[in-house]
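Hi,

Here is the structure I said I'd send over.

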Amino acid sequence: MRKDVRILLVGEPKVGKTSLIMSLVSEEFPDEVPLRAEEITIPADVTPERVPTHIVDYSEAEQSDEQLYQEISKANVICIVYSVNNKKSIEKVTSHWIPLINDRTDKDSRVPLILVGNKSDLVEHSSMETILPIMNQYQDIETCVECSAKNLKNISELFYYAQKAVLHPTGPLYCPEEKELKPSCIKALTRIFKISDLDNDGILNDSELNFFQRTCFNTPLAPQALEDVKNVVRRNMMDGVKDNGLTLKGFLFLHTLFIQRGRHETTWTVLRRFGYDDDLELTQEYLFPMIKILPDCTTELNHNAYLFLQSVFDKHDKDRDCALSPEEVKDLFKVFPYMPWGPDVNNTVCTNEQGWLTYQGYLSQWTLTTYLDVQRSLEYLGYLGYSIIYEQESQAAAITVTRNKRIDLQKKQTQRSVFRCNVLGARGSGKSGFLQAFLGRNLQRQRRIREEHKSFYAISTTYVYGQEKYLLLHEVMPDFDFLTETDLSCDVVCLVYDINNPRSFEYCAKVYKQYFIDSKTPCVVIAAKSDLHEVRQHYSLSPHDFCRKHKLHPPQPFTCSTNEAPSKDIYTRLTTMAMYPHMAQADLKNSTFWLRASVGATVFAVLGFAMYRALLKQR
């Protein structure tokens, strides 16, 4: 909402502009009225909307046209004052003042106008019959108030309506000619309805309505008040209430009713609570809250964020198959202004046999986004309404910023849950296959992937000593001379070569010697396509001798040309090395180190699957 409001009073001489201001301030009619009142500021704590309000007077006798134009450009709302007993001053509203103001303001951001009929104490009749056609003709006119500076009639109401016209404008919400909500307002309220519909059944039940009411207005509705609201909708439309809950049509009807009855502040309170600005766009402050990330720190979702994302998944997994079909994914992202996930996501995370996102794959994609681009993750959580549903100040509360990696190395332990493995190798060495194998896809399944849907990332969970961790694999482009800091910055490195290609290992050796020989980042050499015939590499040292010379673990044979899903042992090893880089080099030759990690992984993978099945039964 705006931080302050600037009200300008204009009109013909002697209509009582200055008297209105002085009567408001002193609460009595002034004996002597100056040509023009000085600008006054009403403090926030004495205004109904708790916003500082500046009231500016205009005097033709004291000010030039240029000064008037400047004041018009600075005003948030303009009160055009006329005298109810002076027909000429009423005529001037349309012949002079409205055209003048429109000429001096941008067409796309017109200031709201309020018509003020002063000196109602001097007549017995109302001027409204003359004014109503004017109000119908000009959309910028918010309302008309008849008042008397002398009798103090409707003085405070006048300035309240002026304030309200700025803070709760009708223009963005409602089209008076059509007597219906504007498309942008319908779009915003539809998103709000979908977020508030916690079980995604298309109806706001009593519990959801109460949550919505408490979220927006800090107070629940009494049971009778809830029934009264639903009865109002029932009386006015056929399908506004269903199964004793409010449908989207009923929800939109209620807001139309609020606006028609002059209670548009109710709709604005809802819109602003859900992050919208005066143009019905989600604010930058709402979508991108401040979050401080120091160098060498990473970003992860915390426990509450995963609980929230789990509830979003459950809400949209309508057939309860623990996977999101393309239609269910589309439904989930209806609260977004665009589709954030493309076909490549299905080749980045685990899917079922039909290629649909599994529960694990869904959480993995969120984990990946948060790690690689936390601002994007904050934006997505904003669209889903995380801070509203979990009653947090902002979605920054969903993010954990991990401590500096150097401290992890010093303390020889880490609290991180996501570890990055950069996969390097010459073209055709088997890097893509290595990534896809991590997602359980053998060579036969990989061949179904279309080139344009290929992903350079793969992320899934592994278990190390009973702890569930995420391993993020990143396939680095092989252009040796263009490797960036991001390509080299990671927790563990995979150097992949094709045992069937004599020139494949040379790239791995060059990359290691150029970038990692003096690095503390653990490195593993992968002998890919191990189902094929191994040929001698055209390099001065064999891969085994190279690894022995540089105190690396011997090349790890790997193939994804299997009948079943490829083995995941190597990925557990990579995660273990990423978690314990200080032990990786010392224990590379110690087979019990890897055995303990692998056994722990197997046991907990079995336990994890059993718990997952138990959860499915509960659901």
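Of the contacts in the protein chain with a separation of 6 or more, 70% are between residues 24 or more positions apart. Bear in mind that this is a predicted model.

On overall form: the C-alpha trace spans about 105 × 55 × 40 Å along its principal axes. I counted up the secondary structure too, and the protein chain has 25 helices and 21 strands. Its radius of gyration is 34 Å, well over the 25 Å that the globule rule gives for 619 residues, so the chain is more spread out than a compact globule. Even so, buried residues make up 52% of the 619.

Now the sheet I looked at. It is open, with six strands in the order β17-β18-β16-β19-β20-β21 and mixed pairing. β17 (457–464) and β21 (556–558) are at the edges with a single partner strand each, so one side of each has no neighbour in the sheet. On average, neighbouring strands here are turned by 30° against each other, ignoring direction. Within the sheet, β16 (residues 418–425) and β19 (residues 492–498) run parallel and are joined by five bridges. Val423 sits opposite Cys494 of β19.

Then there's a helix pair. α9 (residues 248–260) packs against α10 (residues 264–273) at an angle of about 130°, and the axes are 6 Å apart. That angle makes α9 oblique to α10. On the α9 side the contact uses His255, Phe258 and Ile259, and on the α10 side His264, Thr266, Thr267 and Val270. Sorted by class, this contact has three nonpolar residues, four polar ones and no charged ones.

Cheers

Key. Residues are numbered from 1 along each chain as its sequence is written. This is a predicted model: local features need pLDDT of at least 70, side-chain atom pairs count only at pLDDT 80 or more; totals for chains, interfaces and linings use all residues. Side-chain values use heavy atoms; hydrogens and water are left out. Axes are lines fitted to C-alpha atoms, for helices over the stretch in contact, and angles run from 0 to 180 degrees between N-to-C directions. Helices (H or I, at least four residues) and strands (E, at least two) are DSSP runs, numbered from the N terminus. Angles under 35 degrees count as roughly parallel, over 145 as roughly antiparallel, 65 to 115 as roughly perpendicular and the rest as oblique. Contact means heavy atoms within 4.5 Å. Ala, Val, Leu, Ile, Met, Phe, Trp, Tyr, Cys and Pro count as nonpolar, Asp, Glu, Lys and Arg as charged, and the others, Gly among them, as polar. Two strands pair if DSSP finds at least two bridges between them. The radius of gyration is taken over C-alpha atoms; the globule rule is 2.2 Å times the number of residues to the power 0.38. Buried means under 20% relative accessible area, exposed over 50%, partly exposed in between (1.4 Å probe, protein chains only).
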